[in-house]
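Dear colleague,

Please find the structure below, together with its sequence. A summary of the aromatic and charged side-chain contacts follows it.

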Amino acid sequence: MKVRIEDRPALRVAAVRHLGPYPGIHEAFARLDALAKRHHLRAVGPMLALYHDDPATTPSAELR
């Protein structure tokens, strides 16, 4: 994997937590979208996910 580090302008972010199997991450994106709509926020870039755990070593129900 090739890694590139970039300096970027500061920006505000919104996040929701997902706990459980990674294939269920779409539920977190749906919650985030609903939250943004309630607060009249709009995305100015792509939605991203951070996967903190290795599914090979972490029980499915504990994946973050």
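This is a predicted model: local features need pLDDT of at least 70, side-chain atom pairs count only at pLDDT 80 or more; totals for chains, interfaces and linings use all residues.

The count comes to one aromatic pair, where rings of Phe, Tyr and Trp (its six-membered ring) pair if their centres lie within 6.5 Å, planes under 30 degrees apart counting as stacked, over 60 as edge-to-face and the rest as tilted. Tyr22 and Tyr51 form this pair, in an edge-to-face arrangement with 4.6 Å centre to centre and 75° between the planes. The pair links distant parts of the chain, 29 residues apart: Tyr22 lies in the segment before helix 1 (25–38) and Tyr51 in the segment after helix 1. Helices here (H or I, at least four residues), like strands (E, at least two), are DSSP runs, numbered from the N terminus.

Residues are numbered from 1 along each chain as its sequence is written, and side-chain values use heavy atoms, with hydrogens and water left out.

The two tyrosines may also be described by their accessibility. Buried means under 20% relative accessible area, exposed over 50%, and partly exposed in between (1.4 Å probe, protein chains only). Tyr22 counts as buried because its relative accessibility is 14%, while Tyr51, with a relative accessible area of 45%, is partly exposed.

Turning to the charged side chains, the model has four salt bridges, a salt bridge being a side-chain nitrogen of Lys or Arg within 4 Å of a carboxyl oxygen of Asp or Glu. Among them is the contact between Glu6 and Arg4, at 2.4 Å from N to O. Glu6 also meets the side chain of Arg8 in a salt bridge, at 3.2 Å from N to O. Arg4 is exposed at 68%, and Arg8 is exposed at 65%.

Another salt bridge joins the side chains of Lys37 and Asp33, at 3.1 Å from N to O. Both residues lie in helix 1, four residues apart, which is about one turn of the helix. Lys37 counts as exposed at 56% relative accessibility, whereas Asp33 is partly exposed, with a relative accessible area of 33%.

With kind regards
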